[in-house]
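Subject: Structure handover

Hello,

Here is the structure we discussed, handed over with its sequence. My notes on it follow below.

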Amino acid sequence: MRKFFVLLGLVAVFALPARLMAQQKVTVVIDPDSAGIRVPDDFVGLSFESAAILPDSKGQYPYFRSDNRSLIQLFKSLGIKNLRIGGNTSDRPSVKVPSEADINALFGFARLAGTKVIYSLRMRESNPPDVVRTAKFLMDRYKAETHCLTVGNEPNVYKKEYPAYRDDLKKFMDAINAVAPDARFCGPATTPGAGGWAANFAADFGPSGKILEVTQHSYPGGSGRKVIDADAGRKQMLSAEFTKEYEKLYRAFVPAAQKNELPYRIEETNNFFSGGTKDVSNTFASALWALDYLYWWAEHDAAGINFHTGDNVAAGEEQAPCWYAAFWSTPNGYDIHPLSYALKAFDVGSHGRLLRPRISPEARNLSVHAVLGADKAIYITLINKGIDESSAVDVSIDAGRVLHQPAVMFLSVPKSNIAATSGITLGDESISSDGNWTGKWRPLKGNAKRLTVELPPASVAIVRVQPR
């Protein structure tokens with residue numbers, strides 16, 4: 001009989017769900033007195049092709065115009081404060097250079113959306129006189145709304161050698177400053193493998209006083225066209241190997257920028273280039289990746305991140321579907337993609353000064369980021385990039401103060417399905433096609449010093465602790 005009950009007990013144990021058997025337990029300790037650098041207000045940005053500001057076949061502006069209320073609201077909801085106009089079409093000779101009317105429509109939108117613009121001028125098969133008129137027009141009319149000017153997009157593709165680019169860029173900058181002395185520049189906006197150009201750019205042009213930011217492009221997954229298996233692509237995006245790619249890029253140029261006392265921005269980025277990959281770049285996995293990616297660069301002193309987006313994008317000399325888009329335009333507003341939820345989750349939890357949480361023990365798939373908010377509340381973002389039931393985590397939080405009105409907001413999808421392209425909620429609400437979002441905080445129970453959050457696989461929890 002005793003053997004029978006021992007056997008019965010073993011059967012019962014093996015019948016338990018994996019989550020109950022293997023749930024990790026982690027403690028996170030926050031020191032609110034250790035607040036460091038402040039996340040810039042304009043940290044979150046988007047990047048569009050220059051062709052996106054041209055009128056369509058009917059003479060209408062599909063995106064950027066002052067009466068596009070849905071897009072204006074969406075920018076405000078997502079916290080988009082920086083809009084970069086560039087991409088391959090800014091330097092493609094076969095694409096029309098935007099007119100003054102196109103620029104007026106763009107900045108009419110920017111003023112109402114509350115965003116500043118990085119504007120790219122053409123370098124490829126161009127000369128300084130070709131861009132001077134546009135630069136002067138921008139500085140005369142839209143100086144307050146212009147973040148900086150960039151001359152050339154990924155010039156390493158066609159200039160080949162850095163000295164040739166450096167010498168030509170100086171000619172462009174001198175010609176522009178002759179008619180617009182207050183113009184400030186960003187650059188070199190090179191491909192991910194050309195971080196050395198950005199380092200040289202910082203050293204050569206930093207002392208001029210004309211450089212606002214060193215800018216660099218980043219696509220840690222490489223070409224989207226090389227992703228053959230969607231499941232493998234999603235797992236790659238959430239892996240430690242992905243993170244190593246931005247660590248490598250950081251080492252290539254950021255120390256040189258900092259040595260020359262220049263801020264830097266990742267002005268064009270996403271998970272895989274050439275428009276990304278269907279069933280990978282447009283899935284919930286991309287939201288988990290992008291949110292962690294935003295915090296990674298913020299914690300490494302970046303001035304901002306601009307995710308490349310649009311209905312389609314330039315892939316070399318061709319146009320490709322934009323699978324990594326934050327949203328697609330529709331006749332009735334916008335089709336909101338998972339990436340938008342990452343931007344909004346960052347907007348919810350990142351306004352303030354970064355804290356350095358201590359995690360014990362380390363959890364392989366768990367990322368923790370913390371901010372002392374401008375409102376003096378503490379915001380703790382927990383990202384679980386694990387994808388199976390055994391990846392669930394119980395997180396115990398010691399926020400270093402008596403807890404007051406603790407609350408939580410989850411970013412999740414049904415069944416923790418990282419392949420999902422819809423059904424996503426943040427604060428129990430979806431972002432609507434007209435750009436509105438009405439997510440809410442849930443009260444979170446805990447004692448006076450400690451909170452516990454159950455974090456399912458493939459999910460995010462943003463915890464807020466108010467000051468007393």
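**Backbone geometry**

Gln405 sits in the loop between β18 and β19 (407-412). This is a predicted model, and in it Gln405 has a positive phi of about 50° although it is not a glycine. Glu261 is another such case, with a positive phi of about 55°. Glu261 belongs to the loop between α9 and β8 (264-269), and it counts as exposed at 72% relative accessibility. For context, most residues other than glycine have a negative phi, and most peptide bonds are trans. A glycine with positive phi is found after α3: Gly79 follows that helix, with phi near 80°.

One runs from Gly187 to Pro188, with omega near 5°, and Pro188 lies in strand β6. The other runs from Ser360 to Pro361, with omega near -10°. Pro361 is in the loop between β15 and β16 (366-373).

**Salt bridges**

How many salt bridges does a search of the whole structure find? The total is 21.

- Asp67 and Arg65 are joined through their side chains, at 2.8 Å from N to O. Asp67 is exposed, with a relative accessible area of 53%, whereas Arg65 counts as partly exposed at 25% relative accessibility.
- Asp182 and Lys143 form a salt bridge, also given as 2.8 Å from N to O. This pair links distant parts of the chain, 39 residues apart: Asp182 is in the loop between α6 (162-179) and β6 (185-190), and Lys143 is in the loop between α5 (128-142) and β5 (146-151). Asp182 is partly exposed at 45% relative accessibility, and Lys143 is partly exposed at 43%.
- Asp347 bridges to Lys344, with the closest N and O atoms 2.8 Å apart. The two residues are 3 apart in helix α11 (residues 338-349), so about one helical turn separates them. Both Asp347 and Lys344 are buried.

Salt bridges that share partners also join Asp42, Glu213 and Arg265 into one network.

Helix α6 has 18 residues and spans 26 Å from its first C-alpha to its last, close to the 26 Å expected at 1.5 Å a residue. Its buried residues are Tyr162, Tyr165, Leu169, Phe172, Met173, Ile176 and Asn177. Viewed down the helix axis, these fall within an arc of 125°, so they line one face of α6. Lys171 and Ala178, on the other side of α6, are exposed. The packing partners of the buried residues of α6 are β4 (116-121), α5, β5, β6, α7 (195-205) and β7 (211-218).

In α7, the buried residues are Gly195, Trp197, Ala198, Ala199, Phe201, Ala202 and Phe205. They pack against α6, β6, β7 and α9 (240-259).

Which residues does Phe205 contact, leaving aside its neighbours within four places in sequence? They are Tyr162, Arg166, Leu169, Lys170, Met173 and Ile211. Phe205 is itself buried, with a relative accessible area of 6%. If you want a distance to check, the C-alpha atoms of Phe205 and Arg133 are 23 Å apart, and the two residues are separated by 72 residues along the chain.

**Helix α3**

In helix α3 (residues 69-78), the buried residues include Leu71, Ile72, Leu74, Phe75, Ser77 and Leu78. The buried residues of α3 pack against β2 (44-49), β3 (82-86), α4 (100-113), β12 (327-330), β13 (333-336) and α11.

**A four-stranded sheet**

There is an open sheet of 4 strands in the order β15-β1-β18-β22, and its pairing is mixed. From one strand to the next, the twist averages 25°. Strand β1 (residues 24-29) pairs with strand β18 (residues 393-398) in the parallel sense, over 6 bridges. Within β18, Ile397 is the bridge partner of Val28.

Regards

Definitions and conventions: Residues numbered from 1 in each chain as written. Predicted model: local features only at pLDDT ≥ 70, side-chain atom pairs only at ≥ 80, totals over all residues. Heavy atoms only, no water. Salt bridge = Lys/Arg side-chain N within 4 Å of Asp/Glu carboxyl O. Buried < 20%, exposed > 50% of the residue type's maximum accessible area, 1.4 Å probe, protein only. Expected span 1.5 Å × (residues − 1). Arc of directions from axis to C-beta. Contact = heavy atoms within 4.5 Å. Pairing = 2+ DSSP bridges. Axes fitted to C-alpha atoms, helices over the stretch in contact; angles between N-to-C directions.
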